[in-house]
Amino acid sequence: MSETGPAYPDGRELTHPAMSSRAPSGWEATWPAVPQMFRNAEALPLPWEDLFGPLRHGAIDDLVVVGQSGQSIDARIATSTGHSHYINGQAGLAHLHRLRALVDGVVIGVGTAIADDPQLTVRRVVGPSPARVILDPNGRLPPTARALADDGIRRLVVTAVGTPTSLPAGVEVVPIAADHGQLAATAIIAALAGRGFRRMLIEGGAHTVSRFLAAHCLDRLHILVAPIILGDGRASLTLPPIDRVDEAIKAPMRAHVLDSDAGGDVLLDCDLSAHRVPIGRAKIST
Ligand SMILES: NC(=O)c1ccc[n+]([C@@H]2O[C@H](COP(=O)([O-])OP(=O)(O)OC[C@H]3O[C@@H](n4cnc5c(N)ncnc54)[C@H](OP(=O)(O)O)[C@@H]3O)[C@@H](O)[C@H]2O)c1
């Protein structure tokens, strides 16, 4: 290994200086301009182009749906008691907030809203906060949930058609026809696309991300692996069983060491576009 750390096959450093605690301030300093450059479809300064460039345009249609999972080495997102704060280190958490800053909407399941009561805003980095979307087919979300706080950002709750809701003023209710209590991931994305969302982050939890993955609705999956082993607990993904290895979902991936000094979180950027079903407006090839 060189003094500057591991490298891609083409010689570029795998550990981006911008994400190391030894980071030259110049790299971090380029971030604040990135959310606007990203939306303007401008090329981003490194390392941001490597990390976020693939999220700029959808490969299949005009939508980009990215899932994320912050997990241990043994692919757990929480202990068996449900404790999960925090699995990832500072660099991993900053990455999650950067993802939020680049999307139009961040989506969580009601399980996460109840367990963690997240704000879903961008706080750890500079950038705009996305609209907040909670999937709550059975109306379990308490109106006091922090994600519903009126801070000027759009808040939406996706419910099953006919579910009574009692939500704070200004929260948009998105009713979707349920099938045995389940909301089709394609219907959720289509409903959000119809409300102006083009890039969406499926932030968690395990059930929610798994449903979008199983329905072939993710363009990419950002797995943030923390340098810890929990041994037991909530698996990051649960999908219908397959019989053979050759039936596995193939997800070409690229690894980024986010902070080698801290013993580091590793980002696995998995490309799922080969499996993605069309949902939005078809891409026009030029
Ligand atoms: N480490 C990370 O990156 C991360 C991120 C987020 C959360 N978490 C952790 O994940 C755990 C919660 O995860 P979870 O899997 O239990 O819950 P979850 O995915 O947050 O929420 C699951 C619930 O959301 C509703 N839902 C989601 N998708 C749906 C769909 N397509 N159709 C119908 N309903 C849908 C259902 O509600 P009903 O039950 O009412 O049907 C479902 O039971 C917490 O421990 C949290 O800390 C970790």
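Start by selecting Val157. Val157 is buried, with 26 other C-beta atoms within 10 Å. (A residue counts as buried if 20 or more other C-beta atoms lie within 10 Å of its own, exposed if 12 or fewer, and partly exposed in between, with C-beta atoms placed from the backbone.) You'll find Val157 in strand 5, residues 155–160. Helices here are DSSP runs of H or I with at least four residues, strands are runs of E with at least two, and both are numbered from the N terminus.

Before you click on, two notes about what you're looking at. This is a predicted model, so local features need pLDDT of at least 70 and side-chain atom pairs count only at pLDDT 80 or more, while totals for chains, interfaces and linings use all residues. Residues are numbered from 1 along each chain as its sequence is written.

Now show what Val157 touches, leaving out residues up to four places away in sequence: Ile134, Asp136, Leu141, Thr165, Leu167, Val171, Val173 and Val174. (Contact means two C-beta atoms, placed from the backbone, within 7 Å.)

**Next stop: strand 3**

Ile134 leads us onward. Select strand 4, residues 131–135, together with strand 3; the two pair in the parallel sense over 5 bridges. (Strands pair if DSSP finds at least two bridges between them.) Which residue of strand 4 stands opposite Ile108? That's Ile134.

Now look around strand 3 itself. 5 of its 5 residues are buried, so strand 3 is largely enclosed by the rest of the structure. Turn the view to check both faces: Gly105, Val107 and Gly109 are buried on one side, and Val106 and Ile108 are buried on the other. As a rule, side chains in a regular strand alternate between the two faces of the sheet.

(A nonpolar core is a set of buried Ala, Val, Leu, Ile, Met, Phe, Trp, Tyr and Cys residues joined through C-beta atoms within 7 Å.) Pick Met200 and skip its neighbours within four places in sequence: the contacts are Val65, Val103, Asp104, Gly105, Val107, Ile189 and Leu192.

Two of those names take you to helix 6, residues 185–194, whose buried residues are Ala185, Ile188, Ile189, Leu192 and Ala193. These cover an arc of only 130° around the axis, which puts them on the same side of helix 6. (The arc is taken over the directions from the helix axis to the C-beta atoms.) Just past helix 6, click Gly196, where phi is positive at about 100°.

**The ligand**

Center on the ligand. It is surrounded by 30 residues, the closest being Gly109, Gly111, Gly204, Gly205 and His207; a residue belongs here if its C-beta atom, placed from the backbone, lies within 6 Å. Elements giving two or more residues to this shell are strand 1 (64–71), strand 2 (76–78), strand 3 (105–109), helix 5 (110–116), strand 7 (199–204) and helix 7 (206–214). Which element gives the largest share? Helix 5, with 5 residues.

- Leu46 and Pro47 are joined by a cis peptide bond, omega about 10°. Pro47 is in the loop between helix 2 (34–39) and helix 3 (48–52).
- Ala41 is in that loop between helix 2 and helix 3 too. Ala41 has a positive phi of about 60° although it is not a glycine, and is exposed, with 8 other C-beta atoms within 10 Å.
- His85 and Tyr86 share another cis peptide bond, omega about -15°. Look for Tyr86 in the loop between strand 2 and helix 4 (90–102).
- His216, in the loop between helix 7 and strand 8 (220–225), has a positive phi near 60°. His216 is partly exposed, with 17 other C-beta atoms within 10 Å.

**Zoom out**

Of its 286 residues, 41% count as buried.

Terms used
Pairing = 2+ DSSP bridges.
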